[in-house]
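Student: I have a model open and want to learn how to read it. Can we take it feature by feature?

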Amino acid sequence: MKKRSIFLLSSIALTLTPLVLASNEPIQPIKAPKGINTAQVELGKKLFFDPRLSKSGFISCNSCHNLSMGGTDNLKSSIGHHWNQGPINSPTVLNATFNLAQFWDGRAKDLKEQAGGPIANPGEMGSTHELAVEIIKSIPAYQQEFKKTFGSDGVDIDKITQAIAEFEKTLVTPNSRFDQWLTGKKDAISDQEKAGYQLFKSSGCTACHNGVAVGGNSYQKMGAVNPYKTDNKAEGRFTVTKKDADKLMFKVPTLRNIELTYPYFHDGNAATLTEAVNTMGDVQLGKKFSKDETASIVAFLKTLTGDRPSFTMPILPPSVDSTPKPVPFK
Ligand code: HEC
Ligand code: HEC
């Protein structure tokens, strides 16, 4: 019996060698999403790009999470309904499916719960769930697609957010050069990039930025070692838990595709990756990197850019006479 189990163990170790090697690293490669409902994805894609979910008829999810870029708006803070300047930087929707919860403070438990937020946020899409449903429901082609997708009549906010969330689950970015290296392609990253990765690990960045998304899996204090100075009013996780210990605790952002999602931090105050890395070294680790060290970490971070999802632009059905009209200026 004993012999047999030893034999089993060693044969498992042999067959799993490449996997075992990758899993010794604090970062794991992205795999393609599984168990996705493709009808919901197609419908969710349309809704993600449909500005009629906003009161103005002008702002879609894609306005602030531009999928032709890195899934953000590349602004310090977002512009919403009535050119309202938002209070916080827009995080990327790419790989958001890996987050332990959604928003900087984690106030939405998953993508579905999150998707209801911006539609009814007066400073974002400025609509209400009732109005958004009324608009979508008035459009016959949507009615039919909802029926086909969900197998029942009717459009409601639950189905809308379910479809959008299912689409967002497909917004993952596998096959970055770093993932190729992790899975055995030795020349996928350069010596400088490798040195940057070693420094990223040895300095302690991986204490917070680890796992498949290189972040997204814990809340950590901004200013763990040295205080972070900002005029931004966000208090992080404290807003949700009201515990003093959670002040300035933010969901650690993913570093996947980080070269695309500038500017950085919840306040958008770091314009460049160089600045963000130096600030992290200082406030999170009490370290001052040399120019070369920062450059190599930045070079490593750029190897985390993966294949962005690409698809044909969704074609949206037109409004009809009875569709509630856009209200852009009120
Ligand atoms: C006006 C700009 C704007 C629009 C429109 C908008 N968002 Fe966002 N989105 C943001 C901002 C800003 C945040 C961060 C808010 C916070 O954390 O308090 C955010 C957060 C998110 C997150 C959480 C990501 C993370 O890492 O925590 C997801 C997912 C998301 N939005 C999806 C959507 C979807 C889906 C829509 C359309 C229904 C949408 N957004 C519309 C600006 C916008
Ligand atoms: C103690 C945990 C912790 C450590 C250690 C840490 N970070 Fe961070 N990192 C965070 C948190 C939390 C944020 C978000 C802070 C904010 O926006 O207020 C962040 C944000 C970032 C961002 C900006 C991401 C974005 O989308 O805005 C980059 C880049 C980054 N970290 C790189 C690094 C590097 C490089 C190191 C090592 C030198 C490091 N971090 C060490 C927790 C940590």
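Student: Which element gives the largest share of the shell around ligand 1?

Tutor: A residue counts as near a molecule if its C-beta atom, placed from the backbone, lies within 6 Å of it. Helices are DSSP runs (H or I, at least four residues), numbered from the N terminus. Here α5 gives the largest share, five residues. Both α4 (61–64) and α5 (111–120) supply at least two residues each. Of the 26 residues around ligand 1, the nearest are Cys61, Cys64, Gly80, Phe103 and Pro118.

Student: How does the numbering work, and what kind of model is this?

Tutor: Residues are numbered from 1 along each chain as its sequence is written, while chains are lettered from A and ligands numbered from 1 in the order in which they are written. This is a predicted model: local features need pLDDT of at least 70, side-chain atom pairs count only at pLDDT 80 or more, and totals for chains, interfaces and linings use all residues.

Student: How do the residues around ligand 1 divide by type?

Tutor: Ala, Val, Leu, Ile, Met, Phe, Trp, Tyr, Cys and Pro count as nonpolar, Asp, Glu, Lys and Arg as charged, and the others, Gly among them, as polar. The shell around ligand 1 has 16 nonpolar residues, nine polar and one charged.

Student: Which residues come nearest to ligand 2?

Tutor: Cys205, Cys208, Met222, Phe265 and Met280 do, out of 26 around ligand 2. Two or more residues each come from α10 (191–203) and α12 (273–285). α12 gives the most, six. The shell around ligand 2 holds 18 nonpolar residues, eight polar and no charged.

Student: How do I read a helix pair?

Tutor: Two packed helices are described by the angle between their axes and the distance between the axes. Axes are lines fitted to C-alpha atoms, for helices over the stretch in contact, and angles run from 0 to 180 degrees between N-to-C directions. Angles under 35 degrees count as roughly parallel, over 145 as roughly antiparallel, 65 to 115 as roughly perpendicular and the rest as oblique. Take α3 (residues 38–49) and α8 (residues 157–169): they pack at about 100 degrees, axes 7 Å apart. α3 and α8 are therefore roughly perpendicular.

Student: And α3 against α7?

Tutor: The axes of α3 and α7 (residues 140–150) come within 9 Å and cross at roughly 155 degrees. That makes α3 roughly antiparallel to α7.

Student: What is the average pLDDT of the chain?

Tutor: pLDDT is the predictor's confidence in each residue, from 0 to 100. The protein chain averages 93, and 93% of the residues score at least 70.
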